[in-house]
Amino acid sequence: MARFDFNMLHPLHVLLEERSVTRAASRLHLSQPATSATLSRLRRHYDDELLVRSGRTMQLTPFARDLLPAVVHAMSQLKPVIDRKQSFDPLHSERRFVIASTDYMTAILAGPLFETFAREAPGTSVDFAPQPSRDGTLGAFASLDLIVGPVGFGIPGNSSELFTDDFVLIASRDNEVLACAHPSLEDLEALPHAVAYLNDPDHDDVHDLLRRAGIENNISARLFGLATLPLLVAGTQMVAFVPRMLAAKASRTLALSVFELPADMSIPMAERVYWHPRNDEDPAIEWLRGALKRTVPMLSRTPSGPALRTLDRTRNREC
């Protein structure tokens, strides 16, 4: 057996852990042909296939299963040494980052984040991917650097707070029912509602709150995701509850009125950034997390157009 090249230890670890050339290539930031060539080299060194196809998936050979614990142990021992040598120079890097986020987060965050990249890391790029399926495992991070998403949805990994948003009501500016100086929650019963959901089509925190307040809403449209709600509402008699930052962005291009909920009905939505624990001290991922947090102050919370009005709990007799 030829002498082992310790530069191959990390690719070996990733290939055995991911059991997929495609996922390993993404995680190693290599092309699939280069990763396949690495696997071939490792197979020759160990005189073992290491990964074999079983149906539509790849499985470890018995030798690879025995080898994996030793590889994991070796990587854990070498990690402090490797980390001390790691560096990330954003001004000269050409790295492509991949962030998974909801449509709402992509809508409000992508543009300002590109500006941060242009200032701090002009050679890098970022792809926004859909939220991965929530199976409670860290497998999604095989192809992702970060996940940005709300609290309470079972997103795995280490995390830190990004920001907190809250919900407001949006309506077309020519909505006659809400033209009163003091519109009320009761007025909403006369209007068709557009509702977005992220997990459960039959569960919506905002409308559960309305029902507890004695307000029955007429749901005319239900769709997945929040970002398209302003487009659906504009120019119609429909209304929708959306995060404040999304309302602020949409109101710059659409003729929308924005209404506050009564103070005691405020619904906060905390957004966090999530990453694989193995990347706790990865300088590139650490920089990316910082870039996201430095971008947050650029996000607007103030809608354009008419001044915000607060929905009263009961209908004003003058309306």
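Eight of the 10 residues of helix 1 are buried, so this helix is largely enclosed by the rest of the structure. Buried means under 20% relative accessible area, exposed means over 50%, and partly exposed lies in between (1.4 Å probe, protein chains only). Helices (H or I, at least four residues) and strands (E, at least two) are DSSP runs, numbered from the N terminus.

This is a predicted model, in which local features need pLDDT of at least 70, side-chain atom pairs count only at pLDDT 80 or more, and totals for chains, interfaces and linings use all residues. Residues are numbered from 1 along each chain as its sequence is written, and side-chain values use heavy atoms, with hydrogens and water left out.

## Helix 1 and its end

The buried residues of helix 1 are Leu9, Pro11, Leu12, His13, Val14, Leu15, Leu16 and Glu18. Helix 1 covers residues 9–18, and Glu18 is part of it. Is Glu18 buried or exposed? Glu18 is buried, with a relative accessible area of 10%. Not counting residues up to four places away in sequence, Glu18 touches Arg23, Ala24, Arg27 and Ala142. Contact here means heavy atoms within 4.5 Å.

Arg19 follows helix 1. Arg19 sits in the loop between helix 1 and helix 2. Its phi is positive, about 55°, although Arg19 is not a glycine. Most residues other than glycine have a negative phi. Asp47 also has a positive phi, near 55°, and is likewise a residue other than glycine. Asp47 lies in the loop between helix 3 and strand 1 (51–54). Arg19 counts as partly exposed at 34% relative accessibility. Asp47 counts as exposed at 69%.

## Packing against helix 3

Axes are lines fitted to C-alpha atoms, for helices over the stretch in contact, and angles run from 0 to 180 degrees between N-to-C directions. The axes of helix 1 and helix 3 come within 10 Å and cross at roughly 100°. That makes helix 1 roughly perpendicular to helix 3. Angles under 35 degrees count as roughly parallel, over 145 as roughly antiparallel, 65 to 115 as roughly perpendicular and the rest as oblique. On the helix 1 side, Pro11, Leu12 and Leu15 make the contact; on the helix 3 side, Thr35, Thr38, Leu39, Leu42 and Tyr46 do. By class, this contact of helix 1 with helix 3 has six nonpolar, two polar and no charged residues. Ala, Val, Leu, Ile, Met, Phe, Trp, Tyr, Cys and Pro count as nonpolar, Asp, Glu, Lys and Arg as charged, and the others, Gly among them, as polar.

Helix 2 (residues 21–28) also meets helix 3 (residues 32–46): their axes come within 9 Å and cross at roughly 110°. Helix 2 is thus roughly perpendicular to helix 3. Val21, Thr22, Ala24, Ala25 and Leu28 in helix 2 are in contact with Gln32, Thr35, Ser36 and Leu39 in helix 3. The classes in this contact of helix 2 with helix 3 are five nonpolar, four polar and no charged residues.

Thr38 lies in helix 3 and touches Met8, Pro11 and Leu15, not counting residues up to four places away in sequence. Leu39 is in helix 3 too. Leaving aside neighbours within four places in sequence, Leu39 is in contact with Leu15, Val21, Leu50 and Leu51.

## Strand 9

Pro243 is in strand 9 (residues 239–243). Not counting residues up to four places away in sequence, Pro243 touches Tyr104, Asp165, Asp166, Phe167, Val168, Leu226 and Met269. The C-alpha atoms of Pro243 and Pro122, 121 residues apart along the chain, are separated by 31 Å.

| Residue | Relative accessible area |
|---|---|
| Thr38 | Thr38: 16% |
| Leu39 | Leu39: 4% |
| Pro243 | Pro243: 0% |

## The cavity

How many cavities of 30 Å³ or more does the structure hold? It holds one. The largest cavity has about 60 Å³ of space. Its lining consists of Gln131, Pro132, Ser133, Arg134, Asp135, Thr137, Ala140, Ile147, Ile155 and Pro156. By class, the lining has five nonpolar, three polar and two charged residues. On a 1 Å grid over the protein atoms alone, a cavity is a set of points where a 1.4 Å probe fits but cannot get out, and lining residues have an atom within 4 Å of a point. Grid points are joined across faces, edges and corners, and a volume is the space filled by probe spheres set on the points.

Technical notes
On a 1 Å grid over the protein atoms alone, a cavity is a set of points where a 1.4 Å probe fits but cannot get out, and a pocket is an open set with protein on both sides within 12 Å along at least five of seven lines; lining residues have an atom within 4 Å of a point.
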